[in-house]
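Here is a short note on the model, point by point. Please read it with the structure open.

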Amino acid sequence: ERRDAVRRWQGPAATSDGIRQQLLANVGDGAAARKAAGGQAEGVGLYRTELGFLSAEKEPSVEEQAAMYQEVFAAFGGRKVVVRTLDAGSDKPLRFANLEHEDNPALGVRGIRIAEREEGLLTRQLDAVAVAAREAGATDPWVMAPMVATVPEAARFAELARERGIVPGIMVEVPSVALLAAHFLEHVDFLSIGTNDLSQYTMAADRLSPHLAALTDAWQPAVLTLVALTAAAGAKAGKPVGVCGEAAADPTLACVLTGLGVTSLSMASSAIPAVGARLASVTSAQCQEAGRAVLAAPDARSARAEAARILG
Ligand code: PEP
Ligand code: MG
């Protein structure tokens, strides 16, 4: 019966009492964006721009980058596209940049931290996004930085983006950002929670380790507490807070995140119908009750069980 509901589901997404949720796609290139646009995605919540960089012998020029980004903007016409700036590091090395070996790459010079050493890499990317958006007729492109940990990093990023007519946001992947979300929101216009890294850094467990999957689980109440803090700060500031990690693609967890006040969910486009159908099967009051229950749970297993009991 549930499978039928998934097949029949049509967006836009809402709970059974009509409270809207925005469902967006995670994409890595123009082809994925066109596929997502042909399905039920309302836009792109995470465009991982690494693809054009990680395989390149030298840094793609601004024109080359703009051509790549333009494909993604064009796939969605004027609709929402959130571009993430380059998320590289010694685990995702750039052949053309000199990132030295690190013993703990997950805790090393990655994401926005690279801009500290090579600001030109970031500003050229932002230039390319601005050109691409303009050429595709996307009026206010949203761009977010990965791996931000401090308010000054966010403030600097926001300044560079605004100088180029770009709407700045940051990812919430490091617990420090969730804890100080209100301060970050004084500088940026939106937040997007990357639950894959947020779980890794909250639980001190490598997301790539097959032995630690029970720890790097977004159902961990500690992780969900950070999500709740972030969403509450966003609501208070009147600014959007999305989730773009794997958690958004878990239909039951998507209802919980909705109940915690998350304003968009971004996932592999193939996951959208299952999430949409699940949201349509519950009320917003159930989502909120499930949100309260997971925050009170002592561990991930009981959080799952409580949410399943409440959401049916
Ligand atoms: C995340 O960390 O949750 C995220 C969406 O970014 P990535 O998976 O690309 O690290
Ligand atoms: Mg991440």
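**Note on a helix pair and the overall fold**

1. Helix α10 (residues 195-203) packs against helix α11 (residues 221-237) at an angle of about 120 degrees, with the axes 9 Å apart. Axes are lines fitted to C-alpha atoms, for helices over the stretch in contact, and angles run from 0 to 180 degrees between N-to-C directions. Helices (H or I, at least four residues) and strands (E, at least two) are DSSP runs, numbered from the N terminus.

2. This is a predicted model: local features need pLDDT of at least 70, side-chain atom pairs count only at pLDDT 80 or more, and totals for chains, interfaces and linings use all residues. Residues are numbered from 1 along each chain as its sequence is written, while chains are lettered from A and ligands numbered from 1 in the order in which they are written.

3. The angle makes α10 and α11 oblique to each other (under 35 degrees is roughly parallel, over 145 roughly antiparallel, 65 to 115 roughly perpendicular, the rest oblique).

4. Which residues make the contact? From α10 come T195, L198, S199 and T202; from α11, A222, V223 and L226. Contact requires C-beta atoms, placed from the backbone, within 7 Å.

5. Overall, the protein has 15 helices and eight strands. Its C-alpha atoms fill a box of roughly 50 × 40 × 35 Å along the principal axes.

6. Of the contacts in the protein with a separation of 6 or more, 66% join residues 24 or more positions apart.

Technical notes:
Two residues are in contact if their C-beta atoms, placed from the backbone, lie within 7 Å.
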